Amino acid sequence: MGEIFLALEQSGLGAAMRSSSVLYPTANVLHIVGLSFFFGAISIMDARLLGAFQPMPLKPFVSRWRRVAMAAFAIQIVSGFMLFSAEASAIVENPVFRLKVLLIVIGLANVVAFEVVTKPGITGWTDGRPPTAARVSGALSLAIWTTVAIAGRLIAYF
Amino acid sequence: MTATRRIALAATAAAFLGAAPVLAHHGWGSYDAAKPFTITGPVKHSVFQYPHAHVTIDHQGKTWEITLAPPSRMESRGAVADVIKEGKVVAAFGYASTARDAEMRAERITVDGKTYEMR
């Protein structure tokens, strides 16, 4: 298993990330800008699920911001993979990095659970106190992705 | 309190919680800043790469890995790759890692009578 990460680190990409004066800083900046867009889109969807912006119908609101979130997520995966490749064999052993990856998986599972279970059940709801399932989904999402961001920042400290 | 206001409050609280570790300078959290010391010796191995340049120097029976600044910052301070190449006698002033054995984070290095700040 560890050999895959060593191979990634020793690949052309890993070597380029370590030697180029442009690539590492660029990926770093992209990861921050991507995070801004991602967290913005996520938190506004979660706010809607928690009961904010009630005049706006839930479904189109969520599907519009979901597109922004997915585009930003793609930026995060690409820039994150670039940063990871520079030191893959060391970072994969980092406990905070492992926690972050686990939380991303849980966060994505929460999205799937919302789309498959929660959303079909709350189609009729447009205003008033959001159904419990919606509020739980939004609160979970906010907590998970905030912790992902914190864990990401803390990789460099462990 | 309206839901919107409640969420704004929660988001503000989350932002402050998230900001706390960021306020500490990156990379210095797990180093013992209370006990700075100097390692002086010839560079055994030199790596001038992102995210941080580093050198290894023998010190008190151990080979220390000394973490320096990113190459772009090293170059802007005049500490180009040749300054820290193998064999150069480097005096590194910094802090020992509290997480890893024999790792130092250098505050500054002195080579051939010239001092280069690492942050």
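Start with the lining of the second largest pocket: its residues split into 13 nonpolar, 3 polar and 2 charged. Here Ala, Val, Leu, Ile, Met, Phe, Trp, Tyr, Cys and Pro count as nonpolar, Asp, Glu, Lys and Arg as charged, and the others, Gly among them, as polar. You're looking at a predicted model, where local features need pLDDT of at least 70 and side-chain atom pairs count only at pLDDT 80 or more, while totals for chains, interfaces and linings use all residues. Residues are numbered from 1 along each chain as its sequence is written, chains are lettered from A and ligands numbered from 1 in the order in which they are written, and side-chain values use heavy atoms, with hydrogens and water left out.

**Stop 1: the pocket**

Select Ile42(A), Met45(A), Arg66(A), Val111(A) and Trp145(A); of the 18 lining residues, these lie nearest the centre of the second largest pocket. Helices H3 (23–49), H4 (58–86), H6 (95–121) and H7 (132–154) of chain A are the elements that each give two or more residues to this lining. The pocket holds about 280 Å³ of space. (A pocket is an open set of points on a 1 Å grid over the protein atoms alone, where a 1.4 Å probe fits and protein lies on both sides within 12 Å along at least five of seven lines; lining residues have an atom within 4 Å of a point. Points are joined across faces, edges and corners, and the volume is the space filled by probe spheres set on them.)

**Stop 2: all of chain A**

Now show chain A as a cartoon: you'll find 7 helices and 0 strands. (Helices are DSSP runs of H or I with at least four residues, strands are runs of E with at least two, and both are numbered from the N terminus.) The C-alpha atoms of the chain fill a box of roughly 55 × 30 × 25 Å along the principal axes.

**Stop 3: H3 against H7**

Color H3(A) and H7(A): their axes are 8 Å apart and the packing angle is about 160°, which makes H3(A) roughly antiparallel to H7(A). (Axes are lines fitted to C-alpha atoms, for helices over the stretch in contact, and angles run from 0 to 180 degrees between N-to-C directions; under 35 degrees is roughly parallel, over 145 roughly antiparallel, 65 to 115 roughly perpendicular and the rest oblique.) Among the residues that meet here are Phe38(A), Phe39(A) and Ile42(A) in H3(A), and Ser141(A), Leu142(A) and Trp145(A) in H7(A). (Contact means heavy atoms within 4.5 Å.) By class, this contact has 9 nonpolar, 5 polar and 2 charged residues.

**Stop 4: H3 against H4**

In the loop between H3 and H4 of chain A, pick Phe53(A). Its phi is near 55°, a positive value in a residue other than glycine. Most residues other than glycine have a negative phi, and most peptide bonds are trans.

**Stop 5: H1 against H4**

Next, select H1 (residues 2–9) of chain A, which packs on H4(A) at about 95° with the axes 7 Å apart. H1(A) and H4(A) are therefore roughly perpendicular. Phe5(A), Leu8(A) and Glu9(A) of H1(A) touch Phe81(A), Phe84(A), Ser85(A) and Ala86(A) of H4(A).

**Last stop: chain B**

Finish at Pro51(B), in the loop between strands E2 (45–47) and E3 (54–59) of chain B. A cis peptide bond joins Tyr50(B) to Pro51(B), with omega about 0°.
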